Amino acid sequence: MILFLDTIKMAVSSLLAKKIRSFLSILGIVIGILTISSLLSIALSVRSQVEGTIKSLGSNIITVVQGDISGGGGFSSAVGTGTLTEEDFNSIKTKIGKVENVSMIMLISGTVKTQDKSVPGAIIFANSPSAEKSLNIKIDQGRFPTEEDNNTKARVIVLGNKAANELFGTTSAIGKTVEIRATEFTVVGVTQTASSTISFGGPDLNSIVMMPIQTGWEITGIKQVYRITMQAKSAPEVNSAKDAVKKVVLANHKGEKDFTVLTQEDILSTVNGILNILTAMLGAIAGISLLVGGIGIMNIMLVSVSERTREIGIRKAVGATRGAILLQFLIEGIILTMLGGLIAVAIYSAAVSAVPKDSPIPIDFNWNVVALSLGFSALIGIIFGIVPAIGASRKDPILSLRYE
Amino acid sequence: MIKIEGVTKEYKSGETKFLALNRVSLEIKTGEFVSILGPSGSGKSTLMHLIGGLDRPSQGKIEVDSIDLSTAPDKTLANFRSEKVGFVFQSFNLLNTSSLNNVSLPLVYSKKKFNRKARATELLDNVGLGNRLRNRPSQLSGGEQQRVSIARALVNDPEIVLADEPTGNLDSKTGEQIVELLSNFNKKGKTVVVVTHDEALAKKADRIIRIKDGQVEQ
């Protein structure tokens with residue numbers, strides 16, 4: 001143990017003796033570790049954000065979408081042929097007791113406008129009244145279209161918070177008129193600002209406008225169902241409910257699986273799979289920079305061992321064992337890389353605290369990233385320091401003493 | 001007690017072989033002050049390295065205080081160098097650090113429990129360098145450097161001091177001080193072996209072993 005502490009002291013003093021060289025060789029490690037830690041924390045925060053978004057919708061949501069995603073699906077799923085029908089909706093609603101708030105959603109193309117303004121990015125939904133619950137919509141002012149609105153094909157509409165803002169500014173939108181596909185609608189409600197999206201890659205709830213589904217069918221003349229969403233009555237029943245939905249729709253489609261039933265869990269695992277691949281790729285790229293840094297360390301340690309041949313001879317003459325010499329040079333290598341790791345972690349911490357909390361990707365300081373960075377830099381020191389250290393320990397004492 | 005029996009040391013460089021020592025046998029008793037005298041290339045330094053456990057013979061046996069150095073593993077040799085011997089070299093072989101650090105270096109690897117700083121200071125005091133503790137070799141004269149290296153050789157309280165041309169790089173007056181230090185150590189009952197090509201230096205020893213072309217001259 002005394003030898004170990006001595007060795008650290010000796011290593012530090014010999015590194016200090018060559019400050020510029022030590023610093024330059026550390027630089028490669030700093031860059032490598034910094035790349036790894038920043039890519040890692042970006043990947044982690046993207047993942048937690050996506051997970052948070054998906055989970056905020058509630059874990060008991062079940063969605064039936066067009067096309068068979070899992071089985072490759074072929075052409076019809078690739079172009080999203082309309083395979084879902086009102087019949088599917090009715091069957092699910094009547095035959096499956098484990099689910100509630102079953103609702104159909106249809107997408108309508110068109111622009112939402114008033115006499116002088118329009119919302120170019122607006123997504124127009126026609127949906128069952130129960131979508132208020134199944135999509136977890138929160139109304140800020142007014143109300144959501146009711147069953148009665150649906151049955152009477154009323155020309156009423158709910159505006160997303162952002163859409164309402166763009167059309168009417170700060171004045172209340174309730175009771176105002178908007179125009180979609182040459183049809184006038186009365187605004188009956190405005191939603192609260194929602195932070196979540198319907199699903200990953202899905203539309204922004206804040207720019208959605210929603211009308212009753214019957215109304216949508218009537219103004220477009222097409223009876224289309226884009227999605228059927230629902231909620232399992234209890235979270236533990238999600239999977240059995242999912243199976244039941246699959247069975248019912250499959251029977252409707254005469255055994256042809258041209259649809260997919262998704263739960264939040266499924267979406268989460270698909271997204272996680274994609275994120276895992278991304279993280280691994282980023283990690284591999286960062287790994288290359290670390291490899292280059294490690295080779296730099298190895299190079300500098302080889303030079304150092306060769307320059308200090310005589311010192312090694314002297315140490316051996318006064319009683320240093322091979323192990324002691326090996327330890328000395330190995331520790332020098334590890335101190336170099338750990339120092340690089342520490343500098344990288346310091347820069348990382350400073351950078352993380354500099355990222356504003358409201359940035360698109362808020363990055364949190366992550367102790368795991370710090371621990372991983374330091375562990376990795378020590379590992380690099382061992383991997384790339386061991387060869388020069390073994391070389392040093394094997395030097396012949398007499399030849400070393402004669403070395404000029 | 002140093003016992004050397006039929007020791008041969010052969011160096012190979014590529015195809016050519018070089019016989020540094022050829023069937024050398026000799027004995028040095030504990031407490032003796034012996035000089036090994038010979039021209040350069042006679043194999044006297046090789047002999048010293050073998051006695052000090054820095055190298056192993058190609059053939060034959062070397063026993064120092066009942067430790068067989070010819071077959072001992074590396075670790076045993078390292079411990080032997082640490083506990084039993086102290087080396088003094090012609091070119092001093094000091095590290096570029098303070099006298100104090102140089103002298104305490106053997107204690108880093110030693111199993112003997114000394115208070116390092118106190119022991120190193122004491123030894124530097126004994127060689128008259130009590131006021132040069134913080135100086136680096138470059139700030140010291142040749143004689144002072146050699147005295148630091150003698151202090152280093154003695155710091156771990158060895159049984160044997162092996163000195164290879166210890167006065168080779170020094171003027172005669174400084175050389176005499178060095179010989180006196182070695183002789184003082186010998187008076188404490190310790191063994192001193194000085195390797196040299198200098199007759200005058202060799203004569204200060206109790207006994208001269210002459211070596212030529214790798215063989216001891218009788």
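Figure 1. Ile300(A) is buried, with 22 other C-beta atoms within 10 Å; a residue is called buried if 20 or more other C-beta atoms lie within 10 Å of its own, exposed if 12 or fewer, and partly exposed in between, with C-beta atoms placed from the backbone. This is a predicted model, in which local features need pLDDT of at least 70 and side-chain atom pairs count only at pLDDT 80 or more, while totals for chains, interfaces and linings use all residues. Residues are numbered from 1 along each chain as its sequence is written, and chains are lettered from A and ligands numbered from 1 in the order in which they are written. Ile300(A) belongs to helix α10 (residues 264-307) of chain A, where helices (H or I, at least four residues) and strands (E, at least two) are DSSP runs numbered from the N terminus. Leaving aside residues up to four places away in sequence, Ile300(A) touches Arg21(A) and Ser25(A), contact being defined by C-beta atoms, placed from the backbone, that lie within 7 Å. Between the C-alpha atoms of Ile300(A) and Asp258(A), which are 42 residues apart along the chain, the separation is 62 Å.

**Figure 2. The crossing of α2(A) and α13(A).** Helix α2 (residues 19-56) and helix α13 (residues 367-393) of chain A have axes that come within 10 Å and cross at roughly 150°; axes are lines fitted to C-alpha atoms, for helices over the stretch in contact, and angles run from 0 to 180 degrees between N-to-C directions. From α2(A), the contact is made by Ile29(A), Ile33(A), Ile36(A), Ser37(A), Leu40(A) and Ser41(A), and from α13(A) by Val369(A), Ser373(A), Phe376(A), Ser377(A) and Ile380(A). The residues of this contact divide into seven nonpolar, four polar and no charged, with Ala, Val, Leu, Ile, Met, Phe, Trp, Tyr, Cys and Pro counted as nonpolar, Asp, Glu, Lys and Arg as charged, and the others, Gly among them, as polar.

Figure 3. The 15 residues of helix α9 (residues 238-252) of chain A should span 21 Å at 1.5 Å a residue, and the end C-alpha atoms are 21 Å apart, which agrees; the expected span is 1.5 Å times one less than the number of residues. The buried residues of α9(A) are Val238(A), Ala241(A), Lys242(A), Ala244(A), Val245(A) and Val249(A). They cover an arc of only 165° around the axis, which puts them on the same side of α9(A), the arc being that of the directions from the helix axis to the C-beta atoms. These buried residues pack against β1 (61-66), α4 (86-95), β2 (99-108), β11 (227-232) and β12 (259-263) of chain A, whereas Ser240(A), Asp243(A) and Ala251(A) are exposed on the other side of the helix. In the loop between α9 and β12 of chain A lies Lys254(A), which has a positive phi of about 55° although it is not a glycine. Lys254(A) is exposed, with 6 other C-beta atoms within 10 Å.

**Figure 4. Asp157(B) in a loop of chain B.** Most residues other than glycine have a negative phi. Asp157(B), by contrast, has a positive phi near 50°, and is found in the loop between α5 (142-154) and β7 (160-164) of chain B. With 16 C-beta neighbours inside 10 Å, Asp157(B) counts as partly exposed.

**Figure 5. The contact between chains A and B.** Here 17 residues of chain B are in contact with 14 residues of chain A. On the side of chain B that touches chain A, α2 (74-83) and α3 (99-108) of chain B each supply at least two residues, and α2(B) gives the most, with five residues. The residues of that side divide into eight nonpolar, four polar and five charged.

Note on methods. Two residues are in contact if their C-beta atoms, placed from the backbone, lie within 7 Å.
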